[in-house]
Structure formats: C-alpha cells, structure tokens
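Colleague: Hi! Could you walk me through a few side chains in this one?
Modeller: Happy to, let's open it up.
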Amino acid sequence: MTKPAPTAIPIPELEELIREGVPLVGNFGISIDDLVAGRVRMRMPYKTDFVRPGGTVMGPAMFGLADVALYAAVLSAIGRVELAVTTSMTINFLKRPPPVGMIAEGRLLKLGKRLAYGEVLLFSDDGSEEPVAHATGTYSIPPHDPVALTVSGYRDDA
C-alpha cells in the first residue's frame, strides 16, 4: 500500500475556512479527524437543532455535512481555492439515523483542471459500521496556481 500524499491545506486552516467561509455549516461545530490529499474524515456533533419530528437527524444537516466534506476533499488536493463551488450534489438516505453526532468520510474519485467528482459516506457516531447516507457531487474549480499533488488511492481499500 502506498503512503498517502500530503494535504495541500492544513487541518486548522481548513477548519477555520469552514467556520468563517461557510458560516451556516461552519456553525454546525464540524471538526476534521483526518485529512490527506483527496480524502477527509470529519465529524458533526449532536445538536438538538438537528433533530426532526420522529427523533432522527434531519436531512438538511446531513446534506450540509456531506457538501462540506466534499469541499474539504477538494481543497485537500488543490489547496485554498475558496471559490471552488458545488455544481451538483445528490444524496441518498439509506437508513434512519438516531439522534447522535455524524461522521463523514469523503474522497475524490476524479480530479481534473476544472471539475472534481467525489463521494461521501455518512455514518451515525454510535459505532455503527453501516452508512446512513451516500452522496456524490461535482465541484467546479476556478483557475488557480497549480499544486503538485497526486490524488490516488481509489483502489487502495478495494
């Protein structure tokens, strides 16, 4: 197995960018557990504001977490290109999550000059190994200074 490529943005800088540059989701209290080029693992703590009738985590909170996880995966590969934006994103809710924190695991599947495509798996932060949601999305990348990182590893865990 190959050693993961270093990230193009440090975790503290990325967490600050999420809090200040993406204020709605930044107020969710998201923290990054692990970050390498093209991959991220982050968590969103439990908040009563995230619970909808029926006692489950609401979809908009999960979608926000998935979107910011893909943003983090993109920036981990290209650096601080703040104007990288979501062009499309789809989420499938797979299982009703209990009212607990959430974990997001995002990875890039394809990184080009102008577009990045990736996926995010969301898990309940209760030890369950079964995902509660799966999202895929595309980010538009504006012109920026090149970053010398290779994003690979799609098959590392296959």
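Modeller: One term before we start: strands here are DSSP runs of at least two residues, numbered from the N terminus. By that rule, Arg107 lies in strand S6, residues 102-111. Keep in mind that this is a predicted model.
Colleague: Thanks! Is Arg107 buried or exposed?
Modeller: Arg107 has a relative accessible area of 17%, and buried means under 20%, so Arg107 counts as buried.
Colleague: And what does the side chain of Arg107 make a polar contact with?
Modeller: With the side chain of Glu119, at 2.8 Å.
Colleague: Switching topic, how many aromatic pairs does the structure hold?
Modeller: Two. One of them is Phe28 with Phe50: the ring centres are 4.9 Å apart and the planes sit at 65°, so this pair is edge-to-face.
Colleague: Where do Phe28 and Phe50 lie?
Modeller: Both are in loops. Phe28 is between helix H2 (23-26) and strand S1 (31-36), and Phe50 is between strand S2 (39-44) and strand S3 (51-52), so the pair ties together parts that are 22 residues apart in sequence.
Colleague: Buried or exposed, those two?
Modeller: Phe28 is buried at 11% relative accessible area, and Phe50 is buried as well, at 6%.
Colleague: Last one: which helix is Ser76 found in?
Modeller: Helix H3, which covers residues 59-78. Ser76 is buried, with a relative accessible area of 0%.
Colleague: What lies 2.6 Å from a polar atom of the Ser76 side chain?
Modeller: The backbone oxygen of Ala73.

Notes:
Residues are numbered from 1 along each chain as its sequence is written. This is a predicted model: local features need pLDDT of at least 70, side-chain atom pairs count only at pLDDT 80 or more; totals for chains, interfaces and linings use all residues. Side-chain values use heavy atoms; hydrogens and water are left out. Helices (H or I, at least four residues) and strands (E, at least two) are DSSP runs, numbered from the N terminus. Buried means under 20% relative accessible area, exposed over 50%, partly exposed in between (1.4 Å probe, protein chains only). A polar contact is a pair of N or O atoms within 3.5 Å; within protein, one must be able to donate a hydrogen and the other to accept it, and residues adjacent in sequence count only if both atoms are side-chain atoms. Rings of Phe, Tyr and Trp (its six-membered ring) pair if their centres lie within 6.5 Å; planes under 30 degrees apart count as stacked, over 60 as edge-to-face and the rest as tilted.
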